[in-house]
Amino acid sequence: MGEREAVPAAGASTAGVRYHHLDALRGVIMLIGVFVHVATLGDDPVFDGIARASGLFRMEAFFVISGFLSAMLTAKYGPGLALRRRLAAVGVPLAATLVLFNPPTLWLISRFHNRSDISFADFLRACMAPAFEGRLNWYLHLWFLLVLLGYALLTPAAVKLLSRFVSTRCYQQATAGRLRAMTAITLLVLGTMAAGRIGWGEAIRPVIGSGFHTDLVRRTLEFLPFFLLGLLLFLDRGRLVPSFQRPAPVLLSVSGLVLLASWHGWVDTLAMGTGRVLAETMFAIPVIATIFAAASRWGSRPSPALRYLAEASYSVYLLHFFWIYVFATLLGFDPGLGSARMLLLVVATYAATFATHHLVILRFPLLRRIFNGRFPSKARPGSEPPVAVPPAPPVAVPAAPPVLTSTRGGCAAGWARPRAGSASEDPSQAGSPAQPTRASPAPRCTSGARPARHPRRRPAPSPSGTVSPSGTPSPPGA
């Protein structure tokens with residue numbers, strides 16, 4: 001079993017810190033989307049149950065993770081560079097998928113749900129005219145990336161405001177201890193959700209009207225409390241994460257009863273509208289805390305398999321809708337699939353998307369940038385404290401005797417300094433003065449001639465008593 005991942009204290013440097021369990025959890029959540037979207041092709045109780053359960057926590061957990069990582073990028077790169085990186089990592093794959101894959105996907109969806117033989121060219125000319133059945137909003141599942149772009153623009157200001165909020169005395173007292181922390185988190189999320197619902201119904205919706213943009217604005221407000229929760233968890237990670245990232249059975253039981261009362265209409269206030277949304281929001285919080293705890297327990301250690309899964313999940317997310325309808329069309333399936341055919345579509349979609357990621361996207365750096373948003377960049381200067389390298393201890397070097405040389409044997413002995421980059425140089429001391437070391441003994445002369453002798457002379461002592469780097473006493477006045 002994995003060990004619980006260490007959580008840096010608030011304000012600590014994030015250099016080299018990688019939250020492996022959040023990467024793994026993010027990948028798993030994205031992969032579950034294949035089951036959810038395959039469920040739209042038929043009417044099966046198993047897949048419908050998966051889709052309904054997913055709607056209670058999956059996207060909410062994803063936006064908590066997104067908020068946490070967005071705040072981490074802001075701390076690491078600074079607001080400006082973090083915003084540019086976020087826009088590139090989200091916007092480029094979004095634009096590429098919208099242009100290259102969404103049009104054929106929409107065409108396949110219209111053919112599948114309407115049992116139509118319309119050609120792709122005719123569909124492109126008239127796709128907005130007929131009232132096709134099926135999911136024909138132009139962004140399909142990419143609404144998530146569109147919402148993330150809005151959150152990316154919001155992040156610098158939100159981080160600044162929440163940083164001030166975290167430092168207040170009222171907040172510190174309200175989050176002291178786990179019970180208080182979980183209560184404060186629940187009330188903050190519910191309060192933000194209620195304010196968003198009221199603002200949506202009273203001020204925003206009457207102004208913006210109806211259309212595709214209306215759905216995007218509604219989703220942005222719907223998941224904003226969870227994104228802000230992710231920002232808050234990072235900014236106060238030393239105190240909040242240990243409290244939040246644990247199972248919450250009491251809160252889960254209470255919120256579960258509230259959710260049942262909402263679904264069954266036991267309480268009229270919770271049966272519809274804002275009351276039902278708040279009941280589902282309250283239930284999502286302990287569920288997210290529990291899956292965070294599970295991910296921390298079993299996914300905290302670095303794992304090549306989990307890291308590959310997390311990286312490949314972006315490709316799976318972008319391309320899975322296209323491959324679902326490709327296989328549904330090739331296999332001649334009709335609307336109203338059963339669980340066996342749905343499971344076949346899930347397996348085929350996973351195989352195709354992982355193969356596309358591994359065999360195509362990973363092999364070409366340009367495709368990795370286009371579909372995975374992998375753009376190299378450096379952290380802002382001064383964002384992380386420099387690592388102090390202790391100086392090398394002084395080495396006492398004795399005065400070397402005169403070097404014996406030979407004009408005929410070619411033998412010599414003396415002191416030598418290691419060359420830069422040689423095996424004897426410690427990489428951790430790069431940039432510090434190299435210390436003189438004794439060279440290997442000179443090979444014995446084998447030419448048969450005796451080396452020329454020179455009279456021994458005792459070197460004059462240096463007035464300063466210093467020793468030059470070559471190992472010989474410094475001459476007077478040096």
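Reply: R115 is partly exposed, with a relative accessible area of 48%; on this scale, buried means under 20% relative accessible area, exposed means over 50%, and partly exposed lies in between, using a 1.4 Å probe and protein chains only. The model is a predicted one, in which local features need pLDDT of at least 70 and side-chain atom pairs count only at pLDDT 80 or more, while totals for chains, interfaces and linings use all residues. Residues are numbered from 1 along each chain as its sequence is written, and side-chain values use heavy atoms, with hydrogens and water left out.

The side chain of R115 meets that of D334 in a salt bridge, at 3.2 Å from N to O, where a salt bridge is a side-chain nitrogen of Lys or Arg within 4 Å of a carboxyl oxygen of Asp or Glu. R115 lies in the loop between α4 and α5 (120-126) and D334 in the loop between α13 (304-330) and α14 (339-361), so the pair ties together parts that are 219 residues apart in sequence. D334 also counts as partly exposed, at 41% relative accessibility. Side chains of opposite charge can pair when their charged atoms come close.

R26 and D23 meet at 3.0 Å, N to O, and, being three residues apart in helix α1 (residues 20-38), they are separated by about one helical turn. In that pair R26 is partly exposed at 24%, whereas D23 counts as buried at 10% relative accessibility. E222 and R218 form a salt bridge at 3.1 Å, N to O; both lie in helix α9 (residues 212-235), four residues apart, about one turn of the helix. E222 is partly exposed at 26% and R218 is partly exposed at 32%, and these two belong to a network of salt bridges that links D215, R218, R219 and E222.

Returning to α4, one can describe how this helix meets α3. The axes of α3 (residues 79-100) and α4 (residues 102-114) come within 4 Å and cross at roughly 45 degrees; axes here are lines fitted to C-alpha atoms, for helices over the stretch in contact, and angles run from 0 to 180 degrees between N-to-C directions. α3 and α4 are therefore oblique to each other, given that angles under 35 degrees count as roughly parallel, over 145 as roughly antiparallel, 65 to 115 as roughly perpendicular and the rest as oblique. T97, L98, V99 and L100 in α3 meet N102, P103 and P104 in α4, contact meaning heavy atoms within 4.5 Å. By class, this contact has five nonpolar, two polar and no charged residues, where Ala, Val, Leu, Ile, Met, Phe, Trp, Tyr, Cys and Pro count as nonpolar, Asp, Glu, Lys and Arg as charged, and the others, Gly among them, as polar.

Helix α3 also packs with α15 (residues 365-372), at an angle of about 90 degrees and with the axes 6 Å apart, and α3 and α15 are therefore roughly perpendicular to each other. On the α3 side this contact is made by V92, P93, A96, T97 and L100, and on the α15 side by R369, I370, F371 and N372; by class it has six nonpolar, two polar and one charged residues.

Not counting residues up to four places away in sequence, L145 touches V90, L94, Y314, Y317 and L318.

Over the whole chain there are 15 helices and two strands, taken as DSSP runs numbered from the N terminus, with helices being H or I of at least four residues and strands E of at least two. Of the 478 residues, 39% count as buried, and among contacts between residues at least 6 apart in sequence, 78% join residues at least 24 apart.
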